[in-house]
Amino acid sequence: MAARPSPRRDATTELPTLRTEDETAAAEKTARHAKDAFAPLRRVETATLRVVAGRDMLSYMTLHPNDEVVLGRDEGADMILTDSLVSRRHAKISMSSDRTIVVQDLRSTNGTFVNGAPIDRALLRVGESLVVGGVSLRLDMLSQDELEHLANVVSRLRLQNRDPLTGLLTRAWLDEELQGWMERMQRDRAPFACVFYDVDNFKSVNDRHGHHIGDDVLVGCARLLLLAIRDADPCVRYGGEEIVSFIPYADAGTATRVAERVRQDIAGHDWERTAAGLRVTISAGVAQWRPGESAREWMIRADQALLEAKRSGRNRVVTAAL
């Protein structure tokens with residue numbers, strides 16, 4: 001059994017799936033310490049209970065035969081969930097020697113639910129949803145690659161010199177590191193793309209739901225984005241509700257497919273767990289670097305593509321001409 005607490009906030013996602021041949025070829029040239037999210041997954045699978053919505057997004061634990069674990073707010077719980085609606089010892093998950101998984105409510109204040117139905121004790125099957133207080137979880141079978149990617153995302157968010165809200169890189173990275181990446185891509189004669197993302201109608205989110213919900217939306221979007229890209233792809237909180245990601249060894253076509261996947265993940269997320277009636281979409285602008293072009297010129301083209309996506313109706317991806 002392994003339990004890993006995560007930064008508080010909200011989001012839900014699927015881990016990266018198999019990519020196209022072009023994306024696979026691009027990913028093989030990524031930094032040597034990068035985990036290749038485009039490669040075929042190793043199919044040895046482990047039962048994994050993970051938070052898919054609520055303030056404990058990205059917390060997860062693996063389950064093995066004869067495990068018996070407690071979920072709750074108590075520091076002694078095997079999987080600590082910080083949401084205020086979770087009791088100190090809220091529920092117990094057991095896996096028998098034949099890998100049957102049972103969830104039991106521990107007389108919690110706000111109840112335990114499987115697939116929307118309140119339970120005292122029930123079987124929990126792969127793909128089924130579990131709600132503990134205000135925290136949504138799901139039982140999945142994850143490959144070793146998927147577990148490693150999830151662990152790497154959690155570790156990435158805890159590094160120093162990160163934006164304190166989202167866990168993304170700060171704008172200082174653009175001044176300190178981006179030029180070195182551009183020089184490397186030029187030496188390798190490799191394509192390099194950037195994507196500007198912006199949360200649609202973000203002011204309306206703050207006005208209607210409050211700034212604390214706006215913060216949760218930004219954190220959720222950042223989590224979904226990091227889960228959809230490779231571990232070594234730099235991702236910067238540019239300012240306000242804008243995020244810019246850089247995709248080494250990727251041309252405009254590959255970057256556009258990545259941006260579209262991120263857009264779909266965010267649009268399809270269950271934001272109701274963050275606030276009733278909340279819906280969130282993003283717009284994105286993609287630009288491939290032109291060798292010899294300055295970083296400022298390159299990013300302006302991506303930003304202009306983002307503005308075109310906004311003007312065209314939002315919740316879409318626009319790619320700048322090369």
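Which residue takes a positive phi in the hairpin of β6 and β7? The views below, taken from a predicted model, include the answer.

**View 1. The whole chain.** The chain has 322 residues, and 57% of them are buried. Its secondary structure consists of eight helices and 17 strands. Of the contacts between residues at least 6 apart in sequence, 66% join residues at least 24 apart.

**View 2. The hairpin of β6 and β7.** Five residues lie between the two strands of this hairpin. Arg 99 is the residue with a positive phi, near 75°. Strand β6 covers residues 91-95, and its pairing with β7 is antiparallel, over five bridges. One of the bridges joins Met 95 to Ile 101, which belongs to β7.

View 3. Is strand β7 largely enclosed or largely open, and why? Strand β7 runs over residues 101-105, and four of its five residues are buried, so the rest of the structure largely encloses it. Buried here means that a residue has under 20% relative accessible area.

**View 4. The pairing of β7 with β10.** Strand β10 spans residues 121-123. β7 and β10 pair in the antiparallel sense, over three bridges. In one of these pairings, Val 103 has Ala 122 of β10 as its bridge partner.

How values were computed
Residues numbered from 1 in each chain as written. Predicted model: local features only at pLDDT ≥ 70, side-chain atom pairs only at ≥ 80, totals over all residues. Heavy atoms only, no water. Buried < 20%, exposed > 50% of the residue type's maximum accessible area, 1.4 Å probe, protein only. Contact = heavy atoms within 4.5 Å. Pairing = 2+ DSSP bridges.
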